[in-house]
Amino acid sequence: MIDFSYIAYIQQIANQIIARGQSLTDFSDLSERRLFSEEFLMKQGIFYCSEDEYEYIGGYDNLTMSTVRFGGAVINCWIYPLKMHNVIVGWCAWNPEDGEYTNLFFQGVIKSQVIFGLTPDIYEGGTAILVEGITDKYRIDYCDLKGGCGLMGNKITDYNRMLLKRVKRKIFIPDRDSTGMDAMKIWDRMVDGEKYWILLDGEVKDIDQRLKERPELVPQFVALIKEIEDGAYMSGTKIIF
């Protein structure tokens with residue numbers, strides 16, 4: 001049985017960490033790098049953790065520290081809260097110097113069962129827009145679209161598959177690289193039901209880069225998602241964007 005008091009306790013600690021981190025964060029650098037507004041970044045619960053501020057941001061007792069896994073891997077990194085079903089389940093630390101991402105899931109969380117951003121509203125709304133990365137998911141949100149979900153890689157587990165069965169239509173947007181093309185084959189094999197593919201054209205890595213570098217395409221992208229939802233395409237259709 002789920003211990004809801006434990007979940008509530010962890011959420012309280014995680015939100016305190018976010019509040020401490022955001023109170024010290026200048027969002028202008030990340031806003032310029034990622035081309036998201038500072039208001040949007042704050043709303044996501046993102047913050048920066050420098051070496052000097054690490055103890056203050058994560059300054060809790062050893063039990064709490066081990067529970068939320070706020071370890072040294074977050075130092076000098078931008079921290080993205082990892083959420084599923086509107087619950088914070090861990091952190092993703094992005095180091096802007098080397099571009100590396102480190103996922104730190106809370107004690108008791110099984111990382112293979114997490115789909116970043118999946119919510120009950122997506123089950124009800126009927127559309128999941130499935131991408132590989134966290135910033136890809138944020139870009140979907142930034143377009144004011146519902147349904148963005150980050151698989152945090154190119155794999156889908158049996159548990160992920162079970163969750164996605166609850167969503168009527170799945171719109172996949174793989175990265176435009178060899179890993180993304182491999183992911184496309186895996187997703188097609190693993191996921192049942194109504195599904196669509198948006199394949200990126202040209203020299204671009206992912207949907208985040210496409211819409212960040214060409215914001216004039218956002219209305220076209222939003223219209224495409226609406227057309228899919230309205231039944232303009234048959235399940236299995238591959239659309240070049």
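## T67 and its neighbours

Leaving aside residues up to four places away in sequence, T67 touches Y6, I10, F106 and Q107, where contact means heavy atoms within 4.5 Å. T67 sits in helix α5; helices here are DSSP runs of H or I with at least four residues, strands are E runs of at least two, and both are numbered from the N terminus. With a relative accessible area of 4%, T67 is buried. On this scale buried means under 20% relative accessible area, exposed means over 50%, and partly exposed is anything in between, using a 1.4 Å probe and protein chains only.

A word on the ground rules: this is a predicted model, so local features need pLDDT of at least 70 and side-chain atom pairs count only at pLDDT 80 or more, while totals for chains, interfaces and linings use all residues. Residues are numbered from 1 along each chain as its sequence is written, and side-chain values use heavy atoms, with hydrogens and water left out.

## The four-stranded sheet

Next up is an open sheet of four strands, in the order β1-β2-β3-β4, with antiparallel pairing. Two strands are taken to pair if DSSP finds at least two bridges between them. β1 (47-49) and β4 (101-105) stand at the edges with a single partner strand each, so one side of each has no neighbour in the sheet. From one strand to the next, the twist averages 35 degrees; angles run from 0 to 180 degrees between N-to-C directions, with axes being lines fitted to C-alpha atoms, for helices over the stretch in contact.

Now walk across it pair by pair. β1 and β2 run antiparallel and are joined by three bridges, with C49 standing opposite C77 in β2. β2 then pairs with β3 in the antiparallel sense over seven bridges, and here W78 stands opposite W94 in β3.

N86 isn't a glycine either, yet has a positive phi of about 65 degrees. At 55% relative accessibility, N86 counts as exposed.

## Salt bridges

The structure holds nine salt bridges, each being a side-chain nitrogen of Lys or Arg within 4 Å of a carboxyl oxygen of Asp or Glu. One of them pairs R161 with D192, the closest N and O atoms being 3.3 Å apart. This pair links distant parts of the chain, 31 residues apart: R161 is in helix α8 (residues 158-164), and D192 is in the loop between α9 (178-190) and β8 (194-199). R161 is partly exposed, with a relative accessible area of 26%, and D192 is partly exposed at 35%.

D188 forms a salt bridge with K195, with 3.1 Å between the closest N and O atoms. Here D188 is partly exposed at 38%, whereas K195 is buried at 11%. R214 pairs with E216, the closest N and O atoms being 3.0 Å apart, and R214 counts as partly exposed at 38% relative accessibility. Finally, which residues are linked in a network of salt bridges? They are D175, K205 and D206.
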